[in-house]
Structures are given as C-alpha cells and as structure tokens.
Amino acid sequence: MIIKSIELFNFRQFKHAKFDFSMSDDKKFTVILGDNSCGKTTLIKAFIWCLYKENKYKGNEKILLNNDVLKHMNINEKQEVKIVLELIHNDSQYTITTKQNFFSNSNGNIVDEEPLTTISILEKNKGVTPIPQKLVADTIDEILDKDLINYFFYEGENNPISKSTTKKNLQEAIKNVLGFEKVMELHDFFDAQKPKNVIDYFKNNKITNIDINVINLRTLTI
C-alpha cells in the first residue's frame, strides 16, 4: 500500500484540506509539521475513520462535523463530513470515500447517520471499477488488516509503543510484517535511551540531507 493523498471535508478542524504524499523515488518521506492542537492527531484519526468507519473520539467529541459549520447550522439543515483517500495497491489506484451526514433536528439537536464507505479501483487499461458495497470491508482488510491499524496509523500521544507491543494478538502479525525477531525491538528502536535506536541510525549513517516532502499544517486552510 502506498498512500497517494487524503482530502478532508468538514472533518474536525479541517473545513477543507488536501494532503498529497510523496510518490517520488527521490522523496521517500513526507513529514507533517504543526503545533499542538493544529490537527496532526486528527489526520491520523481521519485515516482510521475513512478506512474502518471507526470513530476514535469520545463523549461530546464524537461528533466529527467541523465545529464552525456545526454552530452555523439552521433547523432541519444537513451537512456532510467526507474523506477521500487515494492509494496504490497491487499496481492499481484505489479511491476510498467515507461520508457521514449530520442533521440539526427540530429541537436543534445534532443527529448523525451511519457513515458510508465506497471504493472504486482504477486499473491500467481497464478503467474505473466500483466495488460492490458488500465487498467494501473485505477489500479494505485485504489492503490493510484492521489488526495492524495502530502500527500503520500510530497515535503517539495516546498510544505509546510500549503499550502497543504488549498486545498479544498483534505480536506475531507485526513481527512477520516488519521482520523483527522480537516485537520489543520495535519499542527499543524508538527509545532514545536504547542503543541502536532510530536517532543513532540516522547519525551513524550521516543522513543529513534527506530529500523529503514537508507539509506544514499552518499553511493549510483549516
């Protein structure tokens, strides 16, 4: 799986923002910069919601609709939250779209519908093919099994690696995917106090001029 882009409409802080990720062999990394509360964790949760319709927010924050849009809704008005994710998998381009409608009812309360996910595939020389709704969940699991979600879309603030690596149902899967003999090596790799950690790796290999794609959240329309 190679992530090409993600576009957010009325999702939390983002009224509209599109993130284009590096697809070039010369730029193998995309780095997203931003101050606290500017939307870095929101972006991670947007991936999770788009792929699995899993709302990672709690309590009153479970309403995903942009707060400014919500405040200006009239009685009986409907607004839509939408995320469009484009990725490459098995040499085909997938467009995964998840939508959810929010209504302001006659009492002014916000009522939400069930989110709906659709997928279309662009195959070389074959055009665009929509995936039947009954196969959407299986198709996404084929692209990225939900059991690996915390490793590919990692919420560092609320989900420390030391906690994730104790999850027995993930140990064998992540060991096979990443090639670690011991899952705890992943924890050590990101621990600055441990030998052979990721920081030392970059220093020892004198990687000082990595050509990267940088996205600064402060420059986006939020």
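Colleague: Before we go on, what kind of model is it?

Modeller: This is a predicted model: local features need pLDDT of at least 70, side-chain atom pairs count only at pLDDT 80 or more, and totals for chains, interfaces and linings use all residues. Residues are numbered from 1 along each chain as its sequence is written, and side-chain values use heavy atoms, with hydrogens and water left out.

Colleague: Back to that pair. Is Phe-11 buried or exposed?

Modeller: Buried, with a relative accessible area of 0%. Trp-49 is buried too, at 2%. Buried means under 20% relative accessible area, exposed over 50%, partly exposed in between (1.4 Å probe, protein chains only).

Colleague: Why is the pair of Phe-47 and Phe-153 stacked?

Modeller: Their planes are at 20°, so the pair counts as stacked; the ring centres are 4.7 Å apart. Phe-47 belongs to helix α1, while Phe-153 is in the loop between α4 (149–152) and α5 (161–164), 106 residues apart. Phe-47 is buried at 4%. Phe-153 is buried at 4% relative accessibility. Phe-21, Phe-47 and Phe-153 form one aromatic cluster.

Colleague: New topic. Which ring does the charged end of Arg-12 sit over?

Modeller: The ring of Tyr-57, at 3.9 Å from its centre. Lys-82 lies over the face of Phe-9, 4.8 Å from the ring centre. The rule: NZ of Lys or CZ of Arg within 6 Å of the ring centre and within 35 degrees of the ring normal.

Colleague: And the largest nonpolar core? Which residues touch the most other members?

Modeller: Ile-6, Leu-8 and Ile-96, out of 38 residues. Helix α1 gives the most to this core, with nine residues. A nonpolar core is a set of buried Ala, Val, Leu, Ile, Met, Phe, Trp, Tyr and Cys residues joined through side-chain atoms within 4.5 Å. In soluble globular proteins, nonpolar side chains tend to be buried together.

Colleague: What does Leu-8 touch?

Modeller: Leaving out residues up to four places away in sequence, its contacts include Phe-14, Phe-19, Leu-43 and Ile-83. Contact means heavy atoms within 4.5 Å.

Colleague: Where is Gln-100?

Modeller: In strand β5 (residues 92–104). Gln-100 is buried, with a relative accessible area of 7%. Its side chain makes a polar contact with the side chain of Asp-112, at 3.3 Å. A polar contact is a pair of N or O atoms within 3.5 Å; within protein, one must be able to donate a hydrogen and the other to accept it, and residues adjacent in sequence count only if both atoms are side-chain atoms.

Colleague: Last one. Is Ile-2 buried or partly exposed?

Modeller: Partly exposed, at 45% relative accessible area. Ile-2 is in strand β1 (residues 2–11). Beyond four places in sequence, Ile-2 is in contact with Met-23, Leu-87 and Ile-88.

Terms used:
Helix = DSSP H or I, 4+ residues; strand = E, 2+ residues; numbered from the N terminus. Phe/Tyr/Trp six-rings, centres within 6.5 Å; stacked < 30°, edge-to-face > 60°.
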